[in-house]
Amino acid sequence: MIVIQPPESLHELEDNDLDALMADLVADLNATEEKLAAEIKGLKTPSPTTSDLPPPTPASSAASSLPPPPPQNAKPTKEEIEAQMKADKIKLALEKLKEAKVKKLVVKVLMNDGSSKTLMVDERQNVREVLDNLFEKTHCDCNVDWSLCETNPELQLDRTFEDHENLVEPLSAWMRDSENQVLFQERGEKYEVFKNPQNFYLWKKDKRALKDIKDKDKEILIQENFCGTSIIVPDLEGVLHLKEDGKKSWKQRLFQLRASGIYYVPKGKTKSSRDLVCFLQFDNVNVYYGKDFKTKYKAPTDFCFVLKHPQIQKESQYIKYLCCDDARTMNLWVTGIRIAKYGVSLYENYKTAEKKAAVNSVWMNRSTPSSSNPSTPSPTIKDPAFPPPPPSLPAKSSSRPVAPQHKLPANFPPPPMAMDNLPPPPLPPPIDDSPEAPPDFLPPPPPAAGFGSLPPPPLSMNSLPPPPHFGGMDQSLPPPPPDPEFLPPPPPEPVFTGAGAPPPPPPPPPPPPAQAAAVPRAPVRPSGSVRKVPPAPPKRTTPSLQVGGGGGGGDFMSELMVAMQKKRGDH
Amino acid sequence: MAITSFLFVPPAFSSTPGIGTLLCQICLLHFSLSLSPSLSPSMAAWDLSVTVEDLGPDTPPVSLSVTSDLHVGGVILKLVEKTQIKRDWSDHALWWEQKQCWLLRTAWSLEKYGIHADARLHFMPQHKPLKLGLPNGITLRLHACYSSPVFQTVMHICRMLNIRHPEELSLLRPIEEKKKKKDKDSTEEIYDLTEVPLSSGTIHSFSTSRPCLYNGMPAHFADSPQMEAVYKMLSVTQPPPAPEVIAKQYRPASVVDKAHINGRWLDSSRCLMQQGIQENDRLWLRFKYFTFYDIEPKYDVVRLTQLYEQARWAILLEDIDCTEEEMMLFGALQYHISKVSQSEPQMLSSSAAMDDLESALQSLEVKMEGESSSASEMLVETLFICFRPKRLTLKGYKQYWFKFQDTSISYFKSKEESIGEPIQQINLKGCEVAPDVNMAAQKFLIRLLIPAPEGMNEVYLRCENEQQYAQWMAGCRLASKGKSLADNSYQSEIQSIHSFLAMQKTNSSSHGNAPANDESINTHSLVSPRYHKKYKAKQLTPRILDAYQNVAQLSLTDAVMRFIQVWQALPDFGLSYIVVRFKGSRKDEVLGIAPNRLIRIDLGVGDVVKTWRYNNMKQWNVNWDIRQMAIEFEGNVNIAFSCVTADCKIVHEFIGGYIFMSTRSREKSDVLNEELFHKLTGGHEAL
């Protein structure tokens with residue numbers, strides 16, 4: 001179950017894992033990167049910090065296995081650059097230096113059905129990107145609840161990673177013999193605060209009133225608390241049980257959550273702010289759910305949460321255990337702490353996830369009707385849909401292992417070039433994947449069944465689950481399916497979908513995404529426009545509907561709006 | 001019974017042109033008419049006496065022979081002719097003392113106004129000097145309009161001061177200062193803005209639009225060095241006040257105390273004269289509605305600065321409660337803000353490294369050399385180390401040869417052995433760093449809590465002297481955040497540690513006089529008086545320094561924004577209190593008015609017992625006869641109360657004002673909807 005393995009032990013992996021990894025690795029070895037890295041002396045002796053998982057080794061080995069094609073293409077370009085400007089080169093070199101230090105992990109992710117998927121995650125990838133990657137591989141419905149979770153069986157803890165977190169960093173804190181796991185699960189509590197903000201911000205009101213709350217009021221709550229100059233933390237206050245240091249006893253304390261930390265009211269003092277004692281601040285701790293603490297620590301209930309430094313993996317006096325009376329209280333606190341700790345990132349993550357889900361649902365809706373059609377037409381249609389691959393595709397499909405690398409230079413000359421000019425580090429992953437996808441893409445048509453549980457040929461597994469759906473879809477809406485596959489990072493997708501609306505998107509599509517990728521999180525606009533098309537998967541969208549956004553209800557705000565509009569009319 | 005109901009009806013009347021221009025037109029009109037002297041024969045002439053301010057206080061009133069059908073414009077004309085003074089009278093108007101109103105409708109006849117021979121009229125300018133206390137505590141003298149509703153007067157003032165969104169501010173009567181001695185009042189520096197020409201016209205379009213700047217400031221400030229000084233005062237934060245100054249100021253001790261200040265707000269729908277404000281009186285300008293819309297640091301320099309000042313004083317005077325940790329953060333931010341604003345303010349925004357080739361090259365150099373250990377990114381020194389000290393003695397310390405590289409420290413038996421494997425290497429990334437310093441005892445300890453799978457390891461490093469301590473401490477701080485010594489903030493980190501050590505030195509030696517010298521800010525200047533008693537300055541210093549490390553990298557604007565954000569995140573932020581008596585209740589309770597809700601505070605319990613949100617509000621009514629407010633919420637919730645510490649107009653205006661604030665949004669036009677404001681906040685007059 002261990003997730004982290006040094007690349008040397010790759011041969012120990014199962015076959016299909018290996019294939020997946022190979023694909024990822026190849027992707028990593030962007031031709032340009034390779035050369036540049038080689039140029040710089042510092043490269044071969046990469047950062048000391050990455051010593052536990054030496055990324056350079058795989059890189060160099062991979063390079064040696066297929067040296068001819070990349071060099072040819074790359075070296076000339078490089079000389080050109082040299083000729084152009086030394087400055088450019090140095091900047092580039094710097095980027096590459098950073099690149100060389102990038103830490104990569106092989107991560108095994110457990111699925112709900114007990115199966116697992118193995119992926120390569122690099123230091124710069126955040127959880128959102130990894131989730132997007134998993135969406136492609138699993139073909140799930142992409143709803144906002146899908147999360148990556150980390151479990152610690154020894155401490156009986158788990159938590160969901162936040163989408164903006166980098167995955168490699170927390171995983172690096174695990175010990176070598178750790179039994180910790182990474183799970184891919186739907187966790188409703190992750191974004192519950194945005195679906196039902198009233199349960200957190202008006203938790204003191206009676207439950208019936210909260211249930212009947214209008215969507216517009218929810219919207220107002222989100223506006224008030226997440227869209228102002230400052231993020232507002234729910235005002236939580238209540239008696240919790242605190243496990244006493246080193247003992248198995250629990251004592252009660254009146255705790256209060258504030259943006260600056262958790263406080264408690266000392267005995268005999270008032271609740272006034274100035275008397276509060278700081279229990280802990282959030283800079284250096286994460287919040288975890290505790291499992292089955294009644295048995296393990298004799299907790300009063302099983303609704304426990306824990307605060308600890310992410311590096312701490314074993315029992316320690318530095319772990320704070322808290323116990324609530326019921327599940328609702330526990331969720332209130334854990335969510336409140338997350339809001340205090342992560343602030344606006346949480347809301348941004350949600351908006352991104354929501355967009356992702358919306359785009360996906362458009363695709364799903366379209367695909368279901370069309371999927372009834374025979375998949376035969378798909379191959380013919382594919383070509384128009386993905387113009388770039390065709391020429392080189394056949395060659396690749398014939399020889400899988402080596403093919404991908406060839407493809408890079410041959411197929412996509414523009415992307416590498418672009419990279420040379422603007423070296424943003426985040427680029428490589430997306431680009432790598434996109435070249436990769438085409439080859440996988442071609443073979444699949446026959447194995448229509450192969451998705452999900454059955455990874456047919458090892459290779460197809462990594463990025464190819466969708467093909468079946470694809471075929472059907474192509475007719476009505478070719479782009480959506482490919483986009484996840486092709487260009488996993490968010491930016492490309494929108495571009496694709498946008499282009500997809502007109503029937504045949506000409507060759508250009510791939511390159512623009514590559515450039516767009518320089519801006520890490522771009523999908524905002526395009527997906528927004530797309531979102532309106534579907535029936536209505538995510539009802540509460542976002543900022544566009546503001547206070548009294550014109551809804552018809554006879555309530556206060558809307559009346560005001562009417563008044564204002566009339567007034568303007570008068571003038 | 002006069003009951004005003006506030007439902008939402010579109011305003012029926014449209015705005016009138018500026019009063020000044022109207023008056024001018026009418027004067028001209030009547031100049032031509034008066035050439036043919038005509039008193040209607042049916043009307044009897046009578047004497048009207050008018051005091052002309054410009055003739056001096058001792059001059060008796062001017063007596064005019066008028067008839068009841070003469071309009072006000074005609075009266076003014078006669079008056080001007082009679083005084084025989086040639087000057088610009090366009091700003092002048094008649095004020096009717098008994099009725100406390102301006103006769104601004106110059107076309108109205110005396111009869112229509114109901115003016116008879118017993119009326120005492122005053123002829124005076126509508127704009128007069130006013131002493132304005134700003135949120136930063138400085139007094140400004142400027143010309144304010146005494147005849148238009150306060151809402152508009154505030155708009156004029158804010159326009160002059162370059163504060164956008166004037167609807168968020170208002171005027172209030174200052175708290176009387178107890179004058180124990182005849183001190184400083186005479187020496188108090190007053191900035192004078194009375195020379196600024198009264199700009200008439202497009203007030204409306206100003207309210208939210210961006211002013212065009214000249215030399216980084218509005219054009220009227222660029223006229224003279226004096227004006228530039230005024231702008232600097234407005235736009236640059238004030239240095240921390242001396243602790244005695246803080247201690248001397250009035251501090252509310254309870255919610256009820258805090259409620260009293262809200263009785264002082266002026267009525268936005270009536271003018272200054274009507275509220276008894278005389279020429280050269282003092283008023284405070286403050287942010288009243290705590291919803292700060294569309295803050296744009298580029299255009300809101302003065303607005304942000306004054307907002308920061310108001311927030312800072314609210315914290316220092318405990319107008320809003322916070323915890324000790326929060327107070328330390330506020331202290332650290334104040335220290336940082338005063339430090340950066342005293343140094344070159346322009347230099348702050350340039351933190352985008354890597355942009356130019358220079359820095360890229362430099363960085364490359366460092367990186368390359370990093371492999372071969374350059375001095376610039378490595379510290380090598382003999383230090384003492386102690387693991388898990390049992391007691392705080394110096395006993396457990398052992399001496400080693402230490403090396404600090406990247407984010408790790410390693411130590412060796414001796415310098416000679418430092419080529420080989422270290423005894424141990426400790427990565428500081430993610431660790432907690434705390435100082436344990438006593439300048440007097442020359443104790444320089446760095447306490448490290450280093451996370452490990454088994455828990456946190458506590459390690460102390462002991463340095464020999466201040467210099468060594470500052471370097472290693474700065475290194476540890478950066479490393480804990482994952483930055484190496486090569487980071488360009490390393491030197492400034494060292495600097496700030498030095499200056500905090502210096503503070504400790506001066507505090508421990510000479511106590512009391514706290515000059516504004518940057519190196520020696522008294523930490524008591526940064527926290528509320530409560531902490532003056534609780535901690536000595538030298539105890540406070542390390543706590544503030546501790547909080548300071550998290551904010552030391554912020555630019556001036558970011559630090560100001562951060563201060564405002566932390567202030568806004570306080571649970572009690574935005575609450576304005578009023579003591580009220582709920583219908584059917586026999587005791588006083590407190591109503592808290594927030595931007596989005598009302599709360600009811602039981603003084604006995606001392607806690608919030610009920611919350612009502614505005615978005616559930618259906619309507620509210622004011623019964624002006626019995627001074628009672630009644631509010632209806634959805635779900636048949638009705639509340640009614642009378643106000644004890646403030647007029648019910650003030651409460652009504654607060655609620656209506658917040659409703660108004662919530663109607664602002666970007667999609668709508670940029671023009672401030674003044675009439676809606678009056679509709680929502682006015683009294684009977686508005687109906």
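Guide: Helix 17 (residues 648–663) of chain B packs against helix 18 (residues 674–681) of chain B at an angle of about 140°, and their axes are 7 Å apart. This is a predicted model, in which local features need pLDDT of at least 70, side-chain atom pairs count only at pLDDT 80 or more, and totals for chains, interfaces and linings use all residues. Residues are numbered from 1 along each chain as its sequence is written, chains are lettered from A and ligands numbered from 1 in the order in which they are written, and side-chain values use heavy atoms, without hydrogens and water.

Visitor: Why are helix 17 and helix 18 of chain B called oblique to each other?

Guide: Angles under 35 degrees count as roughly parallel, over 145 as roughly antiparallel, 65 to 115 as roughly perpendicular and the rest as oblique. The angle is about 140°, so helix 17 of chain B and helix 18 of chain B are oblique. Their crossing is right-handed.

Visitor: What makes the contact between helix 17 and helix 18 of chain B?

Guide: Contact means heavy atoms within 4.5 Å. On helix 17 of chain B the residues include Gly656(B), Gly657(B), Ile659(B) and Phe660(B), and on helix 18 of chain B they are Leu676(B), Phe677(B), Leu680(B) and Thr681(B). By class, this contact has six nonpolar, five polar and two charged residues. Gly counts as polar here.

Visitor: Which residues make the contact of helix 9 with helix 16 of chain B?

Guide: Among them are Leu304(B), Leu307(B), Tyr308(B) and Arg312(B) of helix 9 of chain B, with Val560(B), Phe563(B), Ile564(B) and Trp567(B) of helix 16 of chain B. The classes in this contact are eleven nonpolar, no polar and one charged residues.

Visitor: How do you know that strand 21 and strand 27 of chain B pair?

Guide: Two strands pair if DSSP finds at least two bridges between them. Strand 21 (residues 576–582) of chain B has three bridges to strand 27 (residues 637–643) of chain B, and the two run antiparallel. Val580(B) has Cys643(B) as its bridge partner.

Visitor: What joins strand 26 and strand 27 of chain B?

Guide: Six bridges join strand 26 (residues 628–633) of chain B to strand 27 of chain B in the antiparallel sense. Ala630(B) stands opposite Ala640(B). The two strands form a hairpin with three residues between them, and Gly635(B) in the turn has a positive phi of about 75°.

Visitor: What makes strand 9 and strand 10 of chain B edge strands?

Guide: Five strands of chain B form an open sheet in the order 9-13-7-8-10, with mixed pairing. Strand 9 (169–172) and strand 10 (190–192) of chain B each pair on one side only. Neighbouring strands of this sheet are turned by 40° against each other on average, direction ignored. Strand 7 (residues 127–133) and strand 13 (residues 282–287) of chain B pair in the parallel sense over three bridges, and Gly133(B) stands opposite Trp284(B).

Visitor: Where does helix 4 of chain B lie?

Guide: Helix 4 (residues 150–161) of chain B lies across strand 7, strand 8 (139–145), strand 9 and strand 13 of chain B, at about 130° to strand 8 of chain B.

Key. Helix = DSSP H or I, 4+ residues; strand = E, 2+ residues; numbered from the N terminus. Axes fitted to C-alpha atoms, helices over the stretch in contact; angles between N-to-C directions. Left-handed = near helix turned anticlockwise from the far one by under 90°.
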